[in-house]
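Biologist: Please pick one part of this model and take a close look at it. Then show me how it sits in the rest of the fold.

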Amino acid sequence: MAYVGRNALVLTSVAALALSLSLFASPPADAYALTGCKFNGTDPVVTYVFTGLVSTSRRSATLDGAAAWNATTVPSTFRAWRSGDPLRLTVDEASYTDTFEARIVGTCPTGVWVGNAVQMDWNTPSSGGLGGNAYALEGIAVHELGHALGLGHTTGTTCSGTASVMRNGMPFWSCGWGTWPFYDDRQGVRAIY
Ligand SMILES: [Zn+2]
């Protein structure tokens, strides 16, 4: 009898654990709390335009990064700009003295990108020495496009806690190459829109 009772207690505990897990199954990303710039709408179609200065490697990386986000089920879609499209991501490339591989530039005093427009700058030749590593460049593009959607930088050290493509300094590289955007990144975008 005592044995049966112990089993019943264990089952109850497992059931309680399952319930508590389901309550916390969809946390917004840590990154979401760190910024407040987003596009207008609940399912924005963000259209990209490349300036003539963008190299083939950076153009390809941007397209691959956009495709990686599009492959998820989060709100928002990236596609090429067509006449009349209201949401714009201008992609440029230059040689900056600052040490960054790429960045998003825009302002959002009301929480929405002014004019629903931002600029993504690639920095070449980059001080990080990435050169033409297509996979690394794609990861950077996923990161920057995450900023464009409204995600900030997550904290934490390499592979500790929840994987996120939004870690500054790109230590996420060793935590799941090519599987970005990660769960936490996707949940962040869902929370924003
Ligand atoms: Zn960043």
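Modeller: I take the metal site, where donors are N, O and S atoms within 2.8 Å of the metal (3.2 Å for Na, K and Ca); water is not among the atoms, so sites may look incomplete. The model is predicted: local features need pLDDT of at least 70, side-chain atom pairs count only at pLDDT 80 or more, and totals for chains, interfaces and linings use all residues. Residues are numbered from 1 along each chain as its sequence is written, and side-chain values use heavy atoms, with hydrogens and water left out.

The zinc ion has three histidines as its protein donors: His143, His147 and His153. Each gives its NE2 atom, at 2.0 to 2.1 Å. Their spacing in sequence is H-x3-H-x5-H. His143 sits in helix H3 (residues 134–149), and His153 in the loop between H3 and helix H4 (183–192). Ten residues separate this pair, which links distant parts of the chain. Helices (H or I, at least four residues) and strands (E, at least two) are DSSP runs, numbered from the N terminus.

His143 counts as buried because its relative accessibility is 6%. His153, at 28%, counts as partly exposed. The cut-offs are under 20% relative accessible area for buried, over 50% for exposed, and partly exposed in between (1.4 Å probe, protein chains only).

Now follow H3 into the fold. H3 lies across E1, E2, E3, E4 and E5, and runs at about 155° to E5. Axes are lines fitted to C-alpha atoms, for helices over the stretch in contact, and angles run from 0 to 180 degrees between N-to-C directions. The five strands form an open sheet in the order E2-E1-E3-E5-E4, with mixed pairing. E2 and strand E4 (102–105) are the edges; each has a single partner strand, so one side of each lacks a neighbour in the sheet. Neighbouring strands are turned by 25° against each other on average, direction ignored. E3 and E5 pair in the parallel sense over seven bridges; two strands pair if DSSP finds at least two bridges between them. Glu93 has Trp122 in E5 as its bridge partner.

H3 also meets helix H2. The buried residues of H2 pack against H3, H4 and strands including E1 (45–50) and E5 (117–123). Contact here means heavy atoms within 4.5 Å. Among those buried residues are Arg58, Thr62 and Trp69.

The whole chain holds four helices and five strands. Along the sequence, the pattern is α-β-α-β-β-β-β-α-α. Of its 193 residues, 40% count as buried.
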